[in-house]
Amino acid sequence: MRVKQLSVQNFRNIEKAVLKPADGVNVIFGENAQGKTNLLESIWLFTGCKSFRCRRDREMVGFDKPFAKNELFFFAKGREQNVCLYIDKKRTAMKNGVTLRSPAELIGDFYAVIFAPAHLSLVKEGPIFRRRFLDTALCQLKPHYAKGLARYNHTLAQRNALLKDIQFHPELFDTLDVWDEKLSGYGAAVVSERLKYTKLLSEEAGRIYEGLSGGSEELTVDYIHNTELYSDDPYEIRELLKKQLADTRREDIANKITTTGPHRDDLRIQIDALSARSYGSQGQQRSAALALKLSEANIIKSVTNEDPVILLDDVMSELDLNRQDYILNHIGSRQVFITCCDPTTVLRLCEGRTFHVEKGEVL
């Protein structure tokens, strides 16, 4: 998979820019707050996923501009393709001249992996960041997972609304059985996919972390529910979720929210059998987060036979030369976009094309 040309118009602080990148390493350099990350964000949006920086599409439109338009020409699945994204209050997409019902229909057409300083939250912060990582990775690989997750979240919202109403309408209590049945079924499908992905992730991340640490430490990753491991059997998962929904029903009514389920699950990330979050050094946490993100790229390749585009936002300068060298060698033949302030940080380790960004312009 290769980006052939990227055109950006009215996207954040970039009024107009065109990039024709190399097939290998592309270094986007300039001072801070000039628009380097905006270019990576514009590429990421073509995966069909939401921005990794904001919730509202409108925030990506340039100040005092009516709309933004990004266009990508790329090679994938043996042919050249073209996608246009229009952004005003929301995003609309056109692929190869055909208007799509939703940008989410782009999922599975263009693959990318993004690593930014904020992704250190994978290791340092709470479970919501690790669940989001899993869900974003799975949504790229499996469009049906995105639909299943949406069904689960919709049913969860309806159950939570019922929990709030029960204090005023006790007669609604018995209807929880119906919602628990639905929620446990949808939840089991979500958990099952997350479990399978986590097993692949643990294998890949373990190998990559071994390389980053020089073989001196071991990284393991497990998917857990209330600090316990799940069964591999989808039927047993569904029954477990159903039982826990019943067991916590009184607590849920008191709290007016569903307190158990895959929306509360977590990844347990350990280095030498100790929690990376609680006991890992800053260097260990950074290496663990990098290993997880690079593993995501390897899994995409193994499942789809397509190499994803790698987007590295201002992370290389914070690594020593050995780790920089390992990352670039591990990326191999993939197309890479790296942002940094000083391009010599990367170019002394490899050849590539450079793009200088200043005040939203590519010089």
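Ala, Val, Leu, Ile, Met, Phe, Trp, Tyr, Cys and Pro count here as nonpolar, Asp, Glu, Lys and Arg as charged, and the others, Gly among them, as polar. This is a predicted model, in which local features need pLDDT of at least 70 and side-chain atom pairs count only at pLDDT 80 or more, while totals for chains, interfaces and linings use all residues. Residues are numbered from 1 along each chain as its sequence is written, and side-chain values use heavy atoms, with hydrogens and water left out. The briefing covers salt bridges, pockets and cavities.

**Salt bridges**

- The structure holds 26 salt bridges, each being a side-chain nitrogen of Lys or Arg within 4 Å of a carboxyl oxygen of Asp or Glu.
- Arg 12 pairs with Glu 41, with 2.6 Å between the closest N and O atoms. Helices (H or I, at least four residues) and strands (E, at least two) are DSSP runs, numbered from the N terminus.
- Glu 41 has 0% relative accessibility and counts as buried; buried means under 20% relative accessible area, exposed over 50%, and partly exposed in between (1.4 Å probe, protein chains only).
- Between Glu 105 and Arg 101 the closest N and O atoms of the salt bridge are 3.0 Å apart. Glu 105 is partly exposed at 32%, whereas Arg 101 is exposed at 79%.
- Asp 247 forms a salt bridge with Lys 243, at 2.7 Å between the closest N and O atoms. The two are four residues apart in helix H6 (residues 234-247), or about one helical turn, and Asp 247 is exposed at 52%.
- One network, built from salt bridges that share partners, joins Arg 159, Asp 177, Asp 180, Arg 249 and Asp 252.

**Pockets**

- On a 1 Å grid over the protein atoms alone, a pocket is an open set of points with protein on both sides within 12 Å along at least five of seven lines, a cavity is a set where a 1.4 Å probe fits but cannot get out, and lining residues have an atom within 4 Å of a point. Grid points are joined across faces, edges and corners, and a volume is the space filled by probe spheres set on the points.
- The largest pocket has a volume of about 1,500 Å³. It is lined by 41 residues, and Lys 50, Arg 132, Asp 135, Thr 136 and Leu 149 are the closest to its centre.
- Helix H3 (127-141) is among the helices that each supply at least two residues of this lining, and H3 gives the most, with eight. The lining of the largest pocket has 20 nonpolar, eight polar and 13 charged residues.
- The second largest pocket holds about 200 Å³ of space. Its lining has five nonpolar, four polar and four charged residues, and the largest share, five residues, comes from S11.

**Cavities**

- The whole structure has two cavities of 30 Å³ or more.
- The largest cavity holds about 50 Å³ of space. Its lining has five nonpolar, four polar and no charged residues, with the largest share, three residues, coming from H5.
- The second largest cavity has a volume of about 40 Å³. Its lining includes Val 113, Phe 115, Lys 293 and Leu 312, and divides into eight nonpolar, no polar and one charged.
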